Amino acid sequence: MSSDALGESGTVAGAAEESLKQYMASHRPAVEAALAEACADQPGMPTRLAEAIRYAVLAPGKRLRPVLTIMAAEACGGSVASAMPAAVSVELIHAYSLIHDDLPAMDDDDLRRGRPTTHIEFDEATAILAGDALQSMAFAHLHCHAVDDTQAAAWIGTLAIAAGPSGLVGGQADDLDAEKHTVDDFGGPEAARTHLEAIHHRKTGALFTACAAMGAISAGADQRAVSALTNYARAFGLAFQITDDLLDCTSTDEQLGKRTGKDDGRGKLTYPGLMGLDRARAHAEAMIRTAHESLELFGTAGQRLRNLADFVLERTN
Ligand code: GRG
């Protein structure tokens, strides 16, 4: 392999990371423009509510969920444009979940994406309503941009289940509830880990799984491809959340753009808390191997998704 193909670090992994960075940077303007358009003023939309929505959605996030949606579509032979409505709608749901997660009744945070959280910048009622509005906006966006009723129903059904009580909201409820319990209440470390895994699969994994499935749907993929991508995203989501827990222990507020070191103080159930840093990291790595294996069906068309999975382990924010 020529040194040009190896990227700045001179390693194959370094080259893959560079090409992922380029890919993410090149798609970012289209994603940001589509998000801005989705959050434009609508008749009857109060100015302050609109400002809070745009403040939360257009803040500098990594846009991992839109990128995953687009990559899943491309792996199935679809286009960026056809996946964009799905990419936007998942990011709107993600933005709502962050606004509500930061509220005093939930994680009670004052910093998100390097800025004051929405309820600090505006007020609690406006933040709650902005989150509420974003949920409706996500589904309306899919309804308006689907190519036909079949695609609309598949997209909307997939996202509704992922965001609902057996997905995102259910995971959040169990996560908050777990703070009131000790590891022994769950029946010891092994049982607590099983419980924690089920929380992560819903709280964090469900939206990633929706991204992969909705991207595949936008490409008209068959069930085999949808389920391979769903398996990939499930393992990806777990590795992502374990890495998030690790970063909470090892990073600074400035690096993450949010408060760190909070999990321990709140008595949260986490992988590092249950297994220690090294074993938690090893578990995240095992999940990334599972994610890679799930992509066998796609051959070289799955390479970007493999690079994205590797990025999850290496990310610093
Ligand atoms: C129903 C009232 C009510 C609230 C629900 C569902 C919910 C609140 C919260 C979801 C829980 C949540 C925030 C999970 C965390 C997932 C996670 C690690 C988010 C951070 O994702 P990144 O790192 O963020 O991709 P950026 O800022 O880059 O987009």
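A pocket is an open set of points, on a 1 Å grid over the protein atoms alone, with protein on both sides within 12 Å along at least five of seven lines; a cavity is a set of points where a 1.4 Å probe fits but cannot get out. Lining residues have an atom within 4 Å of a point. This is a predicted model, in which local features need pLDDT of at least 70 and side-chain atom pairs count only at pLDDT 80 or more, while totals for chains, interfaces and linings use all residues. Residues are numbered from 1 along each chain as its sequence is written, and side-chain values use heavy atoms, with hydrogens and water left out. The ligand sits in the largest pocket (more than half of its atoms lie within 2 Å of the pocket's grid points).

**Ligand shell**

- The ligand is surrounded by 19 residues, each with a heavy atom within 4 Å of it.
- Lys62, Arg65, His94, Arg113 and Gln172 are the closest.
- The side chain of Lys62 places an N or O atom 2.6 Å from a ligand oxygen (a polar contact is a pair of N or O atoms within 3.5 Å; within protein, one must be able to donate a hydrogen and the other to accept it, and residues adjacent in sequence count only if both atoms are side-chain atoms).
- Arg65 has a polar side-chain atom 2.8 Å from an oxygen of the ligand.
- His94 also brings a polar side-chain atom to 2.8 Å from a ligand oxygen.
- On its own, the ligand has 750 Å² of accessible area, and the protein covers 88% of it (Shrake-Rupley method, 1.4 Å probe; for residues, only the protein chains shown count as cover).
- Helices α4 (80-101), α8 (168-178), α9 (189-218) and α10 (223-250) each give at least two shell residues (helices are DSSP runs of H or I with at least four residues, strands are runs of E with at least two, and both are numbered from the N terminus).
- α4 makes the largest contribution to the shell, six residues.
- Five shell residues are nonpolar, seven polar and seven charged (Ala, Val, Leu, Ile, Met, Phe, Trp, Tyr, Cys and Pro count as nonpolar, Asp, Glu, Lys and Arg as charged, and the others, Gly among them, as polar).

**Largest pocket**

- The largest pocket holds about 1,000 Å³ of space (grid points are joined across faces, edges and corners, and a volume is the space filled by probe spheres set on the points).
- Its lining has 47 residues, with Leu98, Asp101, Arg112, Asp244 and Lys258 closest to the centre.
- α4 supplies the largest share of this lining, seven residues.
- Elements giving at least two lining residues include α3 (64-75), α11 (253-256) and α12 (262-265).
- The lining has 21 charged, 13 polar and 13 nonpolar residues.

**Second largest pocket**

- About 500 Å³ of space lies in the second largest pocket.
- Of its 25 lining residues, Glu17, Leu20, Lys21, Met24 and Phe311 lie nearest the centre.
- α1 (12-38) and α15 (303-314) are the elements that give two or more residues to this lining.
- The largest share, 13 residues, comes from α1.

**Cavity**

- The structure holds one cavity of 30 Å³ or more.
- The volume of the largest cavity is about 110 Å³.
- It is lined by 13 residues, and Ala56, Ala59, Arg112, Arg113 and Thr118 lie nearest its centre.
- α2 (47-57), α4 and β2 (115-116) each give two or more residues to the cavity lining.
- The largest share of that lining, three residues, comes from α4.
- Seven residues of the cavity lining are nonpolar, two polar and four charged.
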